[in-house]
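Subject: Structure handover

Hello,

Here is the structure we talked about handing over. Please open it alongside this note; my findings follow.

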Amino acid sequence: MAALPVLALLALLAWGGPAAGQKRKEMVLSEKVNQLMEWASKRSVIRMNGDKFRRLVKAPPRNYSVIVMFTALQPHRQCVVCKQADEEYQILANSWRYSSAFTNKIFFAMVDFDEGSDVFQMLNMNSAPTFINFPAKGKPKRGDTYELQVRGFAAEQLARWVADRTDVNIRVIRPPSYAGPLMLGLLLAVVAGLVYLRGSNLDFLYNKTGWAFAALCFVLAMTSGQMWNHIRGPPYAHKNPHTGQVNYIHGSSQAQFVAETHIVLLFNGGVTLGMVLLHEAATSDMDVGKRKIMCIAGIGLVVLFFSWLLSVFRSKYHGYPYRYGFA
C-alpha cells in the first residue's frame, strides 16, 4: 500500500511532463518574439553579436524567419561594397518595418565581423557582405543564401528573394530623391538661357555634329550595360578579403560590376574613335600624309580596343576558343 503514493506521483509526473515542456517552450518563444519586436520598434535592422545570434536565430524554438546580413562596416575593413549593400538593406528593412503589413513573421538583423567574428567562424563564412535567410523551421537550405554577385544588392532584388523564401511581400519605398528634378531643372534653365541669349540665331539646334555626338554618348552608355546597373544595383567591384585583390570584371556571364561597364564603355569608345578616323581618312580633303597618319591611328585603335573587348568576353564566357590580337 505504501507504494501507491509513489506510483501516483510517477504517473502525475509522466502525465504532466510533456505539457510542462510544451509550456516552457511557448514561454521561451514568447520571450524571444517580444524581445525582437522591442528591438525592431527602435531599429529596423537589429544588430547582433554572437550571443544574440545563437540565442535568437540558431537556437530553437522559433516560429519566425530572420534575414541576416553578414558584413564588415568598420572603416579599417575598407569594404566599400558593404556600405553600399547596407544602404539598400536599410531601405528594405524600413519598408517592411513601417508598412501596414508588418508582423512578427520576419525580422531583419545584421552581424558585423568586428562584433560577431565567432558567428563567421561558426558558419565557415569568409566573405562579406552575405545575406542568409534563417527559416522558421529547419536549417537554411541552398536557396536561403542570396546570390549577391548574380542579382546585385538593390532593395527591390532583395525583396523578391525574401518573398520567394518567406512568402512575405515587401513593397520597397525609397526616400525621396531631389537629384533628378534638380538636374532636369538645371538642364531646362540652360536651354532657356541659350534660347534667350541666341534667340535670333538658333542654328546651333540644327548642328548635326552636336546631335550625333550626344546620340553616340547615349548609345555607348546603353550598350555598356548602364541600364542593367540601374535595375540590378551591382557592386562597383569585388575585393577578395583574404588576398586583397580587387576584381573589376565579373567572372560570370550572368552578372557584371559597375566598373566593368565603365571599362566596356571605354573600349567601345576606342573602337568607335578608330572607325571615325578611318572614315575621315577615306573621305576628307586633307593631304595624303595626314590621311595616312589618320588611317594608321584608326587601324591601331580598332585592333587594340577590339582585342581588349574580346578578352573581356573570353573571361566571362569560359571556353570561348577565339581571340584577336592580345590575350
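Valine 28 is partly exposed, because its relative accessibility is 35%. (Buried means under 20% relative accessible area, exposed over 50%, and partly exposed in between, with a 1.4 Å probe and protein chains only.) Valine 28 sits in helix α1, residues 3–42. Helices (H or I, at least four residues) and strands (E, at least two) are DSSP runs, numbered from the N terminus. In sequence, valine 28 and proline 60 are 32 residues apart; in space, their C-alpha atoms are 9.1 Å apart.

Some ground rules. This is a predicted model: local features need pLDDT of at least 70, side-chain atom pairs count only at pLDDT 80 or more, and totals for chains, interfaces and linings use all residues. Residues are numbered from 1 along each chain as its sequence is written, and side-chain values use heavy atoms, with hydrogens and water left out.

**Overall**

The protein has eleven helices and six strands. Of its 327 residues, 33% count as buried. Take the contacts (heavy atoms within 4.5 Å) between residues at least 6 apart in sequence: 65% of them join residues at least 24 apart. The accessible surface is about 20,500 Å², and carbon and sulfur atoms account for 63% of that. Areas come from the Shrake-Rupley method with a 1.4 Å probe; for residues, only the protein chains shown count as cover.

**Annotated transmembrane regions**

The unreviewed UniProt entry annotates "transmembrane region" at residues 178–197, 209–228, 263–281 and 293–313. UniProt positions are in the numbering used here, feature names are shortened, and annotations may be inferred rather than shown by experiment. Residues 263–281 are 100% helix and 0% strand in the model, with end C-alpha atoms 27 Å apart. Residues 293–313 are also 100% helix and 0% strand. Their end C-alpha atoms are 30 Å apart.

Leu184, Leu187, Leu188, Val191 and Val195 make a nonpolar surface patch of about 440 Å². Patches are made of residues with over 30% relative accessible area and no salt bridge; like charges are joined within 9 Å, nonpolar side chains (Val, Leu, Ile, Met, Phe, Trp, Tyr) within 5 Å. Leucine 188 belongs to helix α7, residues 179–197. It is exposed, at 53% relative accessibility.

**Cysteines**

There is one disulfide, defined as a pair of cysteine sulfur atoms within 2.5 Å. It links cysteine 79 and cysteine 82, with the sulfur atoms 2.1 Å apart. The torsion about the S-S bond is about 70°, so the disulfide is right-handed. Cysteine 79 is buried at 17% relative accessible area. Cysteine 82 is buried at 0%.

**Backbone points to check**

Proline 60 and proline 61 are joined by a cis peptide bond, with omega about 0°. Proline 61 lies in the loop between α2 (50–58) and β2 (65–71). Another cis peptide bond joins alanine 128 and proline 129, with omega about 5°. Proline 129 is in the loop between α4 (117–122) and β4 (130–134).

Glutamine 78 is not a glycine, yet has a positive phi of about 55°. It lies in the loop between β2 and α3 (80–97) and is exposed at 54%. Aspartate 167, also not a glycine, has a positive phi of about 65°. Its place is the loop between α6 (155–166) and α7.

**Salt bridges**

The structure holds ten salt bridges. The criterion is a side-chain nitrogen of Lys or Arg within 4 Å of a carboxyl oxygen of Asp or Glu.

Which residues pair with arginine 174? One is glutamate 88, at 2.6 Å, N to O. Glutamate 88 is in helix α3 and arginine 174 in the loop between α6 and α7, so this pair ties together parts 86 residues apart in sequence. Glutamate 88 is buried at 14%, whereas arginine 174 is partly exposed at 37%. Glutamate 156 also forms a salt bridge with arginine 174, with the closest N and O atoms 2.9 Å apart. Glutamate 156 lies in helix α6, so that pair ties together parts 18 residues apart in sequence. Glutamate 156 is partly exposed at 28%.

Aspartate 164 and arginine 165 form a salt bridge as well, at 3.8 Å between the closest N and O atoms. Aspartate 164 is exposed at 55%; arginine 165 is partly exposed at 29%. Elsewhere, salt bridges with shared partners join Asp51, Arg54 and Asp118 into one network.

Best wishes
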